[in-house]
Amino acid sequence: MLLVDLTLPLPEQTARLTEVPIRSSGAAYTGMTYRLSINSMHGTYIDFPGHIKETDDGAHASNYPVEKLFRVDAVVVRLDRASGSGAVTAEELAAAFPKTTPPDGPPGALIVNALGNRRFDEIAPRSVYFAHDAIRWIIERNVHLLISDIYESRAIHGVFTELFRSRIAAVCSAVNLACLTAPVVKVSVFHLPIPGVTQLPCRVIAELTPREIQ
């Protein structure tokens, strides 16, 4: 099995260290504790539908079903769009969609690697994005989770609103998507179960078996 970490590291200033001397009759050591200060969009992060107030369906970090985030079958769609190349259409996604069906039935997740070997932060911001028909195509796949290196345009044209209305959670700022050389992988999203929070940093791991690796 090959594990691929799709997570963008958090900024170094996220954690502030405090050394705590511990002394007792039977032990003497120094505890290393940390005060954490993070923004919900630091690193790779997940948006639940409630990230937009108008599409809040009541799901948040502490009540979202774990089984919908752990070892979920995900189909990988791969493109190679350059910076500034504009809208990705439904036709493009359909043409790149692998014909392989997950062994246990329809996928729960879709991974879109639109930028090839480029990272999301190596192109002009939001200069590659999903067209309206691409979002409709994604919704029609009946997935509950989308992981992608592109989303909105500079115009903020409603990508997230449409996804969230269809109860699709979105993972943003993922990296290493080009390493997913299999048409279908298993993907897991890990985050702290903080009550009421609808956007927060997460770690994302994809699994490829030797049979799947191309």
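Residues are classed by relative accessible area as buried (under 20%), exposed (over 50%) or partly exposed (in between), with a 1.4 Å probe and protein chains only. The model is predicted: local features need pLDDT of at least 70 and side-chain atom pairs count only at pLDDT 80 or more, while totals for chains, interfaces and linings use all residues. Residues are numbered from 1 along each chain as its sequence is written, and side-chain values use heavy atoms, with hydrogens and water left out.

The structure holds 8 salt bridges, each defined as a side-chain nitrogen of Lys or Arg within 4 Å of a carboxyl oxygen of Asp or Glu. Arg 71 pairs with Glu 207 at 2.8 Å, N to O. Arg 71 sits in the loop between β4 and β5 (72-78) and Glu 207 in strand β13 (residues 203-208), so this pair ties together parts 136 residues apart in sequence. Helices (H or I, at least four residues) and strands (E, at least two) are DSSP runs, numbered from the N terminus. Arg 71 is partly exposed at 37% relative accessibility. Glu 207 is buried at 12%. A salt bridge also joins Lys 186 and Asp 73 (3.0 Å, N to O). Lys 186 belongs to strand β11 (residues 184-190) and Asp 73 to strand β5, so the link spans 113 residues in sequence. Asp 73 is buried, with a relative accessible area of 11%. Asp 121 and Arg 119 form a salt bridge at 2.7 Å, N to O. Asp 121 is partly exposed at 42%, as is Arg 119 at 32%.

Trp 137 lies in helix α2 (residues 132-140). Its relative accessible area is 10%, so Trp 137 counts as buried. Contacts (heavy atoms within 4.5 Å) were listed without residues up to four places away in sequence; Trp 137 touches Ala 90, Leu 93, Ala 94, Phe 97 and Leu 110.

Pockets were located on a 1 Å grid over the protein atoms alone, as open sets of points where a 1.4 Å probe fits, with protein on both sides within 12 Å along at least five of seven lines; lining residues have an atom within 4 Å of a point. Volume is the space filled by probe spheres set on the points, which are joined across faces, edges and corners. The largest pocket holds about 530 Å³. Of its 23 lining residues, Tyr 45, Arg 126, Tyr 151, Glu 152 and Phe 160 are closest to the centre. The second largest pocket holds about 300 Å³.
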